[in-house]
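Please find below some notes on the model, arranged as numbered points.

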Amino acid sequence: MKKILVIHYSQSGQLTEILHNFTRSFQTDDVDFVEIKPSRAYTFPWTSASFYKEMPSSVLEIETALEPIQFKYDSYDLIVLGYQPWFLSPSIPTTSLLKHESFLKLINHTPVVTVIGARNMWLNAQESVKKRIQDAGGKLIGNVPLIDKNPNLISAITILHWMSTGKKTKKWGVFPFPGISDQDIKNSTIWGDLLYRHFSTEQLSTFQDKLIEQKGIVISDSILFIEERAKKIFKIWAKGIVKKSNPTNWLIAFRFYLLFALFCVAPILLIINTLIIAPLTRNVIKRKKSYFYHTELKKS
Ligand SMILES: Cc1cc2nc3c(=O)[nH]c(=O)nc-3n(C[C@H](O)[C@H](O)[C@H](O)COP(=O)(O)O)c2cc1C
């Protein structure tokens, strides 16, 4: 009997729902479905202060204690790791899992597939996750990122509404629903089926190519453009803030910086990029996207 570990953390339950659908066609007797919990639960809904307070630890990948994790087996034939990005980095519970001795042992010599439940920016987070899997001796063979497909600014407004109220409802009754659409959450079954077919016929190495072919992973020019720049700036903020004995005012400053960058600076830069830079750098963009579509880690 082949054994599959499906492991994740979810605050609102969105990622749990995705993974339930994703694993629908997996034969149930060989699946160990584990939900991890931080010892100190993150408040949900978030207040503005509690939300931004997690930025430095997210970006600097500082772990938190997790409640004891029970695994059914000592080793698995496949690991499905579900996670969500926080501040362009793996969420703190995910970082903590990826530093957890018992999980690292399971990853060693094991194929891993990541399933991401993001707003729309997961590229930087995935680089960290790739590296941690590789360092633990695992082999990332697939990545299935689910995102909110609404325009960037709209999804930023709606997710702030969701995170601050705890309700996945339409802001003022006029904005679209926040988060990943119900349809895409349902359709994650399609990608799980695809994975299980490759797994049961021992063709895991071709899974990601099939996923790309069937448009199970889509990266937009604008998200690539923003992510290439934003993480470096987040790191400067995070490193500065952790050094402060009283970071409250700095966290407030970061909040205003982020909102200004997202709603004022990014749109202007994106227009310049779309009109002037992108047409001249088509091949470079294509090459960069191709890298993120695949699972190999850049050689450093
Ligand atoms: C503190 C925080 C930071 C987040 N940062 C990002 C981000 O950088 N990129 C992104 O695409 N989504 C981001 N999100 C959205 C999450 O990745 C995720 O989609 C959402 O929180 C729902 O996940 P859940 O299943 O844990 O409830 C963030 C959410 C939180 C709470």
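**Notes on the predicted model**

1. Taking contacts in the protein chain between residues at least 6 apart in sequence, 81% connect residues at least 24 apart. The model is a predicted one.

2. The protein chain has 12 helices and 7 strands. Its radius of gyration is 19 Å, close to the 19 Å from the globule rule for 300 residues, so the chain is as compact as a globular protein of that length. The C-alpha trace spans about 55 × 45 × 45 Å along its principal axes.

3. Of the 300 residues in the protein chain, 34% are buried. The largest nonpolar core holds 57 residues, and those touching the most other members are Ile79, Val80, Val112 and Val115.

4. What does Val112 contact, leaving aside neighbours within four places in sequence? The partners of Val112 are Ile79, Leu81, Ile107, Ile133, Gly138, Lys139, Leu140 and Ile141. One of these, Ile79, is also listed with Val112 among the core residues that touch the most other members.

5. The ligand has 20 residues around it, and the nearest are Ser12, Leu15, Gln84, Ala118 and Arg119. By class, this shell consists of 11 nonpolar, 7 polar and 2 charged residues.

6. Which elements each supply at least two residues of the shell around the ligand? They are helix 1 (14-22), strand 4 (85-86) and helix 7 (152-165).

Definitions and conventions. Residues numbered from 1 in each chain as written. Predicted model: local features only at pLDDT ≥ 70, side-chain atom pairs only at ≥ 80, totals over all residues. Near = placed C-beta within 6 Å. Helix = DSSP H or I, 4+ residues; strand = E, 2+ residues; numbered from the N terminus. Nonpolar A, V, L, I, M, F, W, Y, C, P; charged D, E, K, R; others polar. Rg over C-alpha atoms; globule rule 2.2 N^0.38 Å. Buried ≥ 20, exposed ≤ 12 C-beta atoms within 10 Å, placed from the backbone. Contact = placed C-beta atoms within 7 Å. Core = buried A, V, L, I, M, F, W, Y, C linked by C-beta atoms within 7 Å.
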